[in-house]
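Hello,

Here is the structure we talked about. Please open it first, then read the notes below.

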Amino acid sequence: MSDVLQSSTLLALLAEAAGTANVLTGDAMAPYSDDVYRRLADPVAVVRPESVEALQGVVTVLAGEDRPFIVRGGGASYTDGYLPRDAGQVMIDLSRLNRIVEINAHGGYVTVEAGVTWAALGEELAKQGLRTPFRGPFSGLHSTVGGAVSQNAISHGSGTYGISAESLLSLDVVTTEGELIRTGSAAAEGVAPFVRHFGPDLTGLFTGDSGALGIKARITLPVLKQLPAHGAVSFAFPDFVSAHEGMRRIAQERIEESHFALDAALSQGQIARQERAGAALSMALGIIKTSPSILAGVKSVMRAGLFAKGEIARSAYMTHYIVEGFNQAEVNAKLHRLRELMADLASEISPTVPAVVRAMPFAPFYNVLGPAGERWVPLHGILPHANVAGFHVALEAFYAARKAEMERLGVWTGGMFATVGTSGFLYEIAIYWPDATTAYHETVVPADYLGSLPKYPDNPDARAYVHHFKSALIALFVEHGATNFQLGKAYPYASRLSAPALSLVKALKAALDPRGRMAPGALGLD
């Protein structure tokens, strides 16, 4: 059978399973064919099922046609996770699988379909005074619950409750043959998805798999009552060593709800983005609305206008903490303890940045471009605390050796940091370079903001340099014993496992995807 006829037959079967309007081809696929960083092979089609049953139907069609496929969540990825590695693959986009199935306030859990964004879930739960423990990554305006489960994510709520995988109870997973597996307590016939641990932890098996083991169709998470009081505090450090030590100390006590740290390059760029986006008024109103009192909110806004830029300009590294409590007294006690832990290391500065983040946890996608419209890609490693200082020294030498070429091509970097539990340190590097934007940026970046930015011509030389630069940084992380979230196809996984561990993972892959059709290339398993 000819390729044209095969494709025609496949498209007809997919349209029957998902609806004609939900099968995209040609130019309509453009916004789906790039991730934040780049494009690989184009898919044959993008299919957008609107129900779990339709998803199963699509996967059954693909099984019958022996067609490989890849799954896309919210699209806020940069590690090739949902990009087809090879021609001939079908992309299943889950953005229309976006219903909140059940909020069981009495039972203490919520079930959502995989395409629900963290912003939409948070907004709906807030109507009942509820929240999930992990509340989503900073990209939660577009990032989906299913995507975070597949990739592992950290941000809002991670200080107290850990990463996304630690806030799961149960999953409904569609296999490569279209079957549905339920995990947690729901693995038992007729039992609600109310608890995670019932025998071997099948829920954990499907977290962080980059879609290689199964399609997350529904996710059940615990819910908590929102705490009524909150506060924020920020610290400035003269050097990286003191910033890391302060963050390590605080991680040992898990005082905060959320935290993050920035170097000067990212902090100054962040302020510039806020100004250029024209978001000052809405942010000010958000700060006032979420402050303990109107007076406290007004004071925070005044500090933002009068002092923030000067403090940021003078600080090499800044850490930002958000705390919550049953009342203001508990919040004040937590803030006091944070100040005690930082007393010999840092200077306290106005908590403008965390106040903005608390008021607008899921900001518009300004940050997928640089402050002057440059292209952007981040990468990271999670290091044991004992290895952090050595990695930082090696990274500075890495930059120094490449300074001239970076300056010639307009490539620059910034750093963002967080602790992972009590024992890990996330070191994230943002890389920027002048280059043309893509269909992805035109889709997710607000049009007025995008229109205000400088435009760059296509820049293959800088783009090629960044690709090699990024690969060398990943190798440096590996050299210093780092691991990674969002593995996708960018970070080494299979190649780093011990032989017994790799055999087990490959056996799981073979059992769940015997023909190797699901997310080819993910985790480096083929």
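Predicted model: local features only at pLDDT ≥ 70, side-chain atom pairs only at ≥ 80, totals over all residues.

**Helix α3 and the residue after it**

Helix α3 itself covers residues 52-64, 13 residues in total. From first C-alpha to last it reaches 18 Å, close to the 18 Å expected at 1.5 Å a residue. Its buried residues are V52, A54, L55, V58, V59, V61, L62 and A63.

**Two other positive phi values**

R254 is a residue other than glycine, yet its phi is positive, near 45 degrees. R254 sits in the loop between α8 and β13, the latter spanning 258-263. Its relative accessibility is 32%, so R254 counts as partly exposed.

A519 is also a non-glycine residue with a positive phi, here near 50 degrees. Look for A519 in the segment after α20 (499-512). Is A519 buried or exposed? A519 is buried: its relative accessible area is 5%, and the cut-off for buried is under 20%.

**α8 against α13**

Now the helix pairs. Helix α8 (residues 240-251) packs on helix α13 (residues 328-342) at an angle of about 135 degrees, and the axes lie 9 Å apart. That angle makes α8 oblique to α13. The crossing is right-handed.

From α8, the contact uses G246, M247, R249 and I250. From α13, it uses L338, L341 and M342. By class, the contact residues of α8 and α13 are five nonpolar, one polar and one charged.

**α15 against α19**

Which way does α15 run relative to α19? Helix α15 (residues 385-401) and helix α19 (residues 460-479) cross at roughly 155 degrees, with axes that come within 11 Å. Angles over 145 degrees count as roughly antiparallel, so α15 is roughly antiparallel to α19. α15 also passes α19 in a right-handed crossing.

On the α15 side, the contact is made by F391, A394, L395, F398 and Y399. On the α19 side, the residues are F469, A472, L473, L476 and F477. What classes do these residues fall into? The contact of α15 with α19 has 10 nonpolar residues, no polar ones and no charged ones.

An α-helix has 3.6 residues a turn, so residues three or four places apart point the same way.

Best wishes

Key:
Residues numbered from 1 in each chain as written. Heavy atoms only, no water. Axes fitted to C-alpha atoms, helices over the stretch in contact; angles between N-to-C directions. Helix = DSSP H or I, 4+ residues; strand = E, 2+ residues; numbered from the N terminus. Parallel < 35°, antiparallel > 145°, perpendicular 65-115°, else oblique. Left-handed = near helix turned anticlockwise from the far one by under 90°. Contact = heavy atoms within 4.5 Å. Nonpolar A, V, L, I, M, F, W, Y, C, P; charged D, E, K, R; others polar. Expected span 1.5 Å × (residues − 1). Buried < 20%, exposed > 50% of the residue type's maximum accessible area, 1.4 Å probe, protein only.
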